[in-house]
Amino acid sequence: MLELKEVSVVFNKGKANETNAVKSVNLRIERGEFVVLIGANGSGKSTLINAISGSAQLTSGSIHLNNQRIDYLSENRRSRFVSKVFQDPLSGTAPDLTVVDNFRLAAIRSKAKKLTVGIDKDFKKQVEDIVAVLGLGLEKKLNLRMGSLSGGQRQALTLLMSTMDDTELLLLDEPAAALDPKTAELIMQLAKAMITKRKLSAILITHNLKHAQTFGSRLIQMREGILCRDISGEAKKNLTPSEMVEWFN
Amino acid sequence: MDYYLAAIIAGLCLSLMSMGIFVSMKIFNIPDITTDGSYTLGAAVTAVVLMYPAHYLVALPLVIVGGAVAGAATGFVHTRLKIDALLSGILIMTALYSVNLKVMGRSNIPLIASENIFSLFGGLPLAALWTAISIVALFSVTLIYLLKTDFGIAMRATGNSLTMARAMGVNVDRMRITGLAIANSMTATAGFLMSQYQGFADINMGIGIVIIGLGSVLMADAIIKSFGITSVVLQIALVIAGSIAFRLALAFALSLGLDPTLLKLVTAAFVLIIVALSSVKLKANA
């Protein structure tokens with residue numbers, strides 16, 4: 001269970017260009033809950049996610065995961081239970097490392113990086129099986145440079161990598177925004193399947209209102225740093241994209 | 001023949017430094033300038049220990065630790081004090097000049113009379129070559145193993161994609177400090193070998209040495225990039241080959257009657273050509 005208490009993030013505090021990106025946000029997300037976060041550009045969605053993952057500093061408030069405070073932990077310490085998929089399909093993977101190297105690093109995300117060789121036959125077989133699920137034939141390309149694959153392929157692999165190791169919270173920052181519709185659909189279905197199967201708590205940021213309607217068990221809208229709408233259950237199922245468009249006016 | 005043999009042996013000795021540059025390029029994306037200082041540090045410590053007189057096996061661990069401390073200092077300045085990576089290296093290199101002078105006590109120490117590592121294979125023909133090959137083999141196998149471990153993957157990812165490395169729970173600051181320590185201990189070991197091979201340690205022997213290492217790594221990199229080589233073994237082999245090729249090219253230039261005072265100028269021009277060719281080629285591909 002993730003809990004945000006009075007979380008505020010202020011950029012350039014005390015200067016002329018001071019920005020209150022997130023204003024005293026309170027939010028509670030239960031285990032297995034899939035939250036979709038929508039809102040206009042600059043409404044604070046990404047900052048909120050970055051505050052949770054540790055790449056943005058809190059100005060005030062606290063963040064708790066399973067009743068333990070995590071907001072004072074550095075980003076790499078928090079990565080033990082939080083994994084994040086970025087909008088840029090290239091930023092979640094290391095291009096000059098092989099596909100299997102990337103997966104190895106993902107598999108030991110929460111663990112110490114030891115002086116032992118972790119890539120053996122069993123590990124390669126395990127990665128092959130995981131990658132084969134995509135049906136893109138990438139299981140035959142494990143020894144290629146990650147950089148030689150397309151953006152969509154890399155994003156699909158990033159998503160698979162995010163659950164290679166134990167994780168409790170999956171943060172998806174517009175993971176499908178830079179992809180063609182067919183690949184975007186593949187990525188979204190894959191994310192949904194992984195969240196359900198592993199019973200993860202997840203937050204998905206999207207500008208695609210069709211995705212916002214189809215995916216997730218709860219819908220939150222942000223505006224100017226606050227959570228202005230929070231809809232779940234039947235009410236969310238009955239929403240239509242055109243109703244949501246109205247919210248942006 | 002002896003002339004080119006000497007170039008090959010020198011190339012092998014310096015390949016340890018090139019491997020160090022290879023590591024620092026992997027974690028920084030820029031060459032580590034500390035190299036100039038830590039190379040001389042390795043030679044200075046070796047000279048002082050051999051003239052004490054003590055065995056070269058006493059000198060080696062001291063050299064490795066000395067290089068590691070120098071590298072860690074640069075890493076510390078860069079990561080903890082948030083100084084630009086290039087400047088951090090320059091600062092530590094400058095400081096090392098005084099340290100090296102203090103260690104040596106004078107600017108040049110001849111090592112002609114002492115027993116050294118190149119007498120390892122005694123009276124065998126090509127004894128010096130076999131010594132160089134054995135040491136380089138020992139260090140390169142260790143480095144290859146290191147790069148293949150989980151730690152090594154995390155280290156390679158740090159220089160390649162900082163965002164990704166952080167998200168994968170890698171402590172990138174600690175990784176940079178450790179990586180620079182490893183790189184500079186290899187560089188110092190190159191100084192250990194070179195001082196014994198050429199028979200002296202000199203306070204100025206490290207000036208511009210980083211460029212020679214960089215030239216070797218860039219030559220290797222051009223081949224690695226154009227063939228999409230992912231094997232760590234092949235990459236390291238190419239770096240060693242690059243280091244030898246660089247030395248041979250300089251030896252060839254000298255045999256054509258090049259004025260030795262122009263050696264650094266020619267070296268710089270040679271590296272410039274490699275850098276320019278690879279960047280032009282990259283632009284053409286983009």
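Predicted model: local features only at pLDDT ≥ 70, side-chain atom pairs only at ≥ 80, totals over all residues.
Residues are numbered from 1 along each chain as its sequence is written, and chains are lettered from A and ligands numbered from 1 in the order in which they are written.

**Exercise 1. The overall form of chain A**

Task: Determine how many helices and strands chain A has, and whether its radius of gyration agrees with that of a compact globule.

Solution. Step one is to count the elements: chain A has 9 helices and 10 strands. Helices (H or I, at least four residues) and strands (E, at least two) are DSSP runs, numbered from the N terminus.

Step two is to apply the globule rule, 2.2 Å times the number of residues to the power 0.38, with the radius of gyration taken over C-alpha atoms. For 249 residues the rule gives a value near 18 Å, and chain A has 18 Å, so the two agree. The C-alpha trace of chain A spans about 50 × 40 × 35 Å along its principal axes.

Step three is to consider burial. A residue is buried if 20 or more other C-beta atoms lie within 10 Å of its own, exposed if 12 or fewer, and partly exposed in between, the C-beta atoms being placed from the backbone. Of the 249 residues of chain A, 40% count as buried.

**Exercise 2. A sheet in chain A**

Task: State the strand order of the open sheet of 4 strands in chain A, and identify its edge strands.

Solution. Step one is the order, which is β2-β1-β4-β5 with antiparallel pairing. Two strands pair if DSSP finds at least two bridges between them. The edge strands of chain A are β2 (19–29) and β5 (68–69), each of which pairs on one side only.

Step two is to follow strand β1 (residues 2–11) of chain A, which pairs with β2(A) over 7 bridges in the antiparallel sense. A:Leu2 has A:Ile29 as its bridge partner, and A:Val10 stands opposite A:Asn20. With β4(A), β1(A) forms an antiparallel pairing over 5 bridges, in which A:Leu4 stands opposite A:Ile63.

Helix α1 (residues 45–53) of chain A lies across β1, β2 and β4 (60–65) of chain A and runs at about 65 degrees to β2(A). Here, axes are lines fitted to C-alpha atoms, for helices over the stretch in contact, and angles run from 0 to 180 degrees between N-to-C directions.

**Exercise 3. Two helix pairs in chain B**

Task: Classify the angle between α1(B) and α9(B), and that between α6(B) and α8(B).

Solution. Step one is to recall the classes: angles under 35 degrees count as roughly parallel, over 145 as roughly antiparallel, 65 to 115 as roughly perpendicular and the rest as oblique.

Step two treats helix α1 (residues 2–28) and helix α9 (residues 209–227) of chain B, whose axes come within 8 Å and cross at roughly 75 degrees. These helices are therefore roughly perpendicular. Their contact has 10 nonpolar, 4 polar and no charged residues. For this count, Ala, Val, Leu, Ile, Met, Phe, Trp, Tyr, Cys and Pro are nonpolar, Asp, Glu, Lys and Arg are charged, and the others, Gly among them, are polar.

Step three treats helix α6 (residues 150–160) and helix α8 (residues 172–198) of chain B, which pack at about 105 degrees with their axes 10 Å apart. This pair is also roughly perpendicular. B:Ala154, B:Met155 and B:Thr158 of α6(B) make the contact with B:Val172, B:Met175, B:Arg176 and B:Gly179 of α8(B). Two residues are in contact if their C-beta atoms, placed from the backbone, lie within 7 Å.

**Exercise 4. Where the chains meet**

Task: Find which element gives the largest share of the side of chain A that touches chain B.

Solution. Step one: 29 residues of chain A are in contact with 20 residues of chain B. Step two: α2 (75–78) and α3 (99–107) of chain A are the elements giving two or more residues to this side of chain A. Step three: the largest share, 4 residues, comes from α3(A). By class, this side of chain A has 8 nonpolar, 11 polar and 10 charged residues.
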